[in-house]
Amino acid sequence: MEPKDAEPIESRSSPVCVNNPYLDQMKDDILYHFSLATATHDLPAMFGDVKFVCVGGSQRRMKSFIEYAAAELDMGDPESDYPDLCAGTDRYAMYKVGPVLSVSVWLEPGTVVITKQSVDPTFTPKFEQIVLGKLVVRNTDLDRSLAEELLQCSKELNQFKAVMGNTMCTMDFYEGQARMDGAFCSFTEKEKREYLKKAHDAGVCNIEMESIVFAAMCNLSGLQAAVVCVTLLDRLEGDQMSSSHEVLQDYAKRIQILVGYYIKKQLKAEAVQVHN
């Protein structure tokens with residue numbers, strides 16, 4: 001079990017299911033968190049050609065990814081200063097090159113984990129949300145065929161270890177992830193190890209704090225989606241990360257390499273179909 005750096009991926013040109021009839025009654029849809037709005041921005045012109053949406057952690061990492069994608073897909077100069085499309089807010093950063101959108105979310109070491117299911121801390125594939133005072137349970141299954149395609153891409157690359165397994169999503173970094181190095185700890189070392197072994201037996205390969213909401217939202221929207229993570233340490237060996245900054249950067253690049261390879265492969269396949 002290892003905490004990770006997660007890069008959720010929404011892929012392909014799937015139809016998006018918007019389950020809110022009230023949106024049609026709005027003269028202006030203000031996307032506050034992105035500092036965008038239908039009255040001030042031509043959203044179809046800005047995003048109408050997007051086929052791949054990659055969501056990750058920091059602004060720096062996602063700008064680095066769009067520069068990598070520009071070079072890998074031969075769609076732009078990686079040295080260009082790609083503008084932040086959400087520059088009016090400090091909640092998100094968004095970059096675009098060709099059909100690829102890169103978005104930051106402020107929120108055995110090195111193994112890449114392709115998520116089969118996002119599960120809660122009871123190892124159940126569900127996201128619980130309170131709506132109008134009532135408990136609503138949403139499914140968090142991810143697209144299995146997309147996960148298998150990503151796993152096949154990792155085999156073709158043959159540059160690092162990649163596995164398919166479950167990702168456990170928790171509400172906090174410390175006690176929720178069975179860590180003993182936070183401000184509070186209400187369990188023993190033995191209890192911690194027993195819990196992590198149960199998680200392992202349930203197919204959990206890594207732990208993070210975003211994927212369960214991401215999976216639920218993509219299910220509701222009818223989007224094919226995958227979550228790709230890289231593990232940073234073996235949690236049965238300890239709670240704190242001691243790897244150097246350079247090593248951690250190398251781990252993060254493994255996600256870029258895998259996702260970039262997948263996108264390039266998909267675009268090549270589409271080009272062949274068009275010419276045929």
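At what angle do helix α2 and helix α6 pack, and how far apart are their axes? Hello everyone, let me start with that pair. This is a predicted model, in which local features need pLDDT of at least 70 and side-chain atom pairs count only at pLDDT 80 or more, while totals for chains, interfaces and linings use all residues. Residues are numbered from 1 along each chain as its sequence is written, and side-chain values use heavy atoms, with hydrogens and water left out.

Now, the helices. Helix α2, residues 59-72, packs against helix α6, residues 245-275, at an angle of about 40°, and the axes are 10 Å apart. Helices here are DSSP runs of H or I with at least four residues, strands are runs of E with at least two, and both are numbered from the N terminus. The axes are lines fitted to C-alpha atoms, for helices over the stretch in contact, and angles run from 0 to 180 degrees between N-to-C directions. That angle makes α2 oblique to α6; under 35 degrees would be roughly parallel, over 145 roughly antiparallel, 65 to 115 roughly perpendicular, and the rest is oblique.

Who makes the contact? From α2 come Arg60, Arg61, Ser64, Phe65, Tyr68 and Glu72, and from α6 come Gln249, Gln256, Ile257, Val259, Gly260, Ile263 and Lys264. Contact means heavy atoms within 4.5 Å. Sorted by type, the residues of this contact are five nonpolar, four polar and four charged. For that sorting, Ala, Val, Leu, Ile, Met, Phe, Trp, Tyr, Cys and Pro are nonpolar, Asp, Glu, Lys and Arg are charged, and the others, Gly among them, are polar.

On to salt bridges. We ask for a side-chain nitrogen of Lys or Arg within 4 Å of a carboxyl oxygen of Asp or Glu, and by this rule the count is eleven. One of them joins Arg144 to Glu148, with the closest N and O atoms 3.5 Å apart. Because they sit four residues apart in helix α3, residues 144-157, about one helical turn separates Arg144 from Glu148. Both ends are partly exposed, Arg144 at 43% relative accessible area and Glu148 at 42%. Buried, by the way, means under 20%, exposed means over 50%, and partly exposed lies in between, using a 1.4 Å probe and protein chains only.

Compare Lys192 and Asp239, whose closest N and O atoms are 2.6 Å apart in another salt bridge. This pair links distant parts of the chain, since Lys192 is in helix α4, residues 189-201, and Asp239 is in the loop between β12 (225-231) and α6, 47 residues apart. Here Lys192 is buried at 5%, and Asp239 is buried at 11%. There is also a network of salt bridges linking Asp120, Lys126 and Glu128; within it, Lys126 and Glu128 meet at 2.8 Å, N to O.

Next, Val113, in strand β7, residues 112-119. With 1% relative accessibility, Val113 is buried. Beyond its neighbours within four places in sequence, its contacts include Val163, Cys205, Asn206 and Val228.

Last, backbone angles. Most residues other than glycine have a negative phi. Ser35 has phi near 60°, a positive value, in the loop between β2 (30-31) and β3 (36-37). Leu132 has a positive phi of about 55° and lies in the loop between β8 (126-131) and β9 (134-139). Is each buried or exposed? Ser35 is partly exposed at 30%, and Leu132 is exposed at 83%.
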